[in-house]
Amino acid sequence: MSTCQSNLATSMTVSLREMRMVFERLLQVTRIESGLVPALRDCAVYSAALGGFARLPATLETISKATPSALSLEGSDDPVIHCGGQHAWLAADAALELAVEILKTGGRGIVTVRNAADIGELRVIEALAQRFGLKAIVAVGADRATIAVTPATDADEIALLDKIRRDGVDVDAALWWELYHRSAEALAPDSYLSRRHAGPIIVEADGKVIGRQDEDETDFSLLLADAPNSAVSAKH
């Protein structure tokens with residue numbers, strides 16, 4: 001993998017692109033509702049960047065049993081999100097967006113989250129808020145966390161994503177490859193049929209290309225390497 005660089009025998013530096021790709025596939029494997037995947041992927045990226053790489057396998061196990069409908073909202077001025085024992089990541093994006101909306105309308109920008117599993121993971125909101133140019137402070141207690149957002153006043157307060165993009169994130173090599181190979185479960189097995197439907201185009205059994213307008217020099221013979229005799233015959 002060209003975007004991963006080995007540092008020591010037991011550690012690696014993993015790029016932002018590779019983390020996003022692998023974490024998204026892992027979330028697809030959990031069978032979580034597809035609409036939640038992008039938000040949870042970002043939670044995973046920031047959790048890893050903030051030192052939580054080792055917790056990812058356990059977090060994915062918890063999320064695989066998630067019931068997002070268990071979350072509920074109470075109040076409007078100082079709202080409380082009740083998680084019903086669901087993992088904290090399921091509330092993170094909603095809590096942040098709610099706090100941002102309150103701030104925009106002249107409120108204090110404070111939201112409380114209660115009864116979330118692994119509630120300390122709500123600290124990813126401090127990173128997620130940076131895309132809005134905001135500073136978030138997450139105060140975590142035994143069974144609740146309070147999220148407060150304010151405008152960022154220093155460039156360093158909204159620089160984490162740039163740092164990840166520039167430097168990557170260090171991770172134990174064995175853990176990374178475990179996650180990487182698990183993520184492959186989200187991929188279709190390699191076959192004649194899967195290759196014909198890979199990427200932005202579809203290649204019919206007779207060689208007709210669907211979904212691409214430009215001309216290029218793609219060697220479609222590779223797609224037919226394992227083709228059934230009937231399909232190869234049809235092309236000729």
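These legends describe close-up views of aromatic residues in a predicted model. Local features need pLDDT of at least 70, side-chain atom pairs count only at pLDDT 80 or more, and totals for chains, interfaces and linings use all residues. Numbering runs from 1 along each chain as its sequence is written, and side-chain values use heavy atoms, with hydrogens and water left out.

**View 1. The pair Phe-23 and Phe-53.** Rings of Phe, Tyr and Trp (its six-membered ring) pair if their centres lie within 6.5 Å; planes under 30 degrees apart are stacked, over 60 edge-to-face, and the rest tilted. By this rule there are three aromatic pairs. Phe-23 and Phe-53 have ring centres 5.8 Å apart and planes at 65 degrees, so they pair edge-to-face. Phe-23 sits in helix H1 (residues 16-29). Phe-53 sits in the loop between helix H2 (37-52) and helix H3 (56-63), 30 residues apart from Phe-23. Helices are DSSP runs (H or I, at least four residues), numbered from the N terminus.

**View 2. The pair Phe-53 and Trp-176.** This pair is also edge-to-face, at 6.3 Å centre to centre and 90 degrees between the planes. Trp-176 belongs to helix H7 (residues 173-183), so the pair ties together parts 123 residues apart in sequence.

**View 3. The cluster of Phe-23, Phe-53 and Trp-176.** These residues form one aromatic cluster. Phe-23 is buried at 2% relative accessible area (buried is under 20%, exposed over 50%, partly exposed in between; 1.4 Å probe, protein chains only). Phe-53 is buried at 5%, and Trp-176 at 0%.

Key. Helix = DSSP H or I, 4+ residues; strand = E, 2+ residues; numbered from the N terminus.
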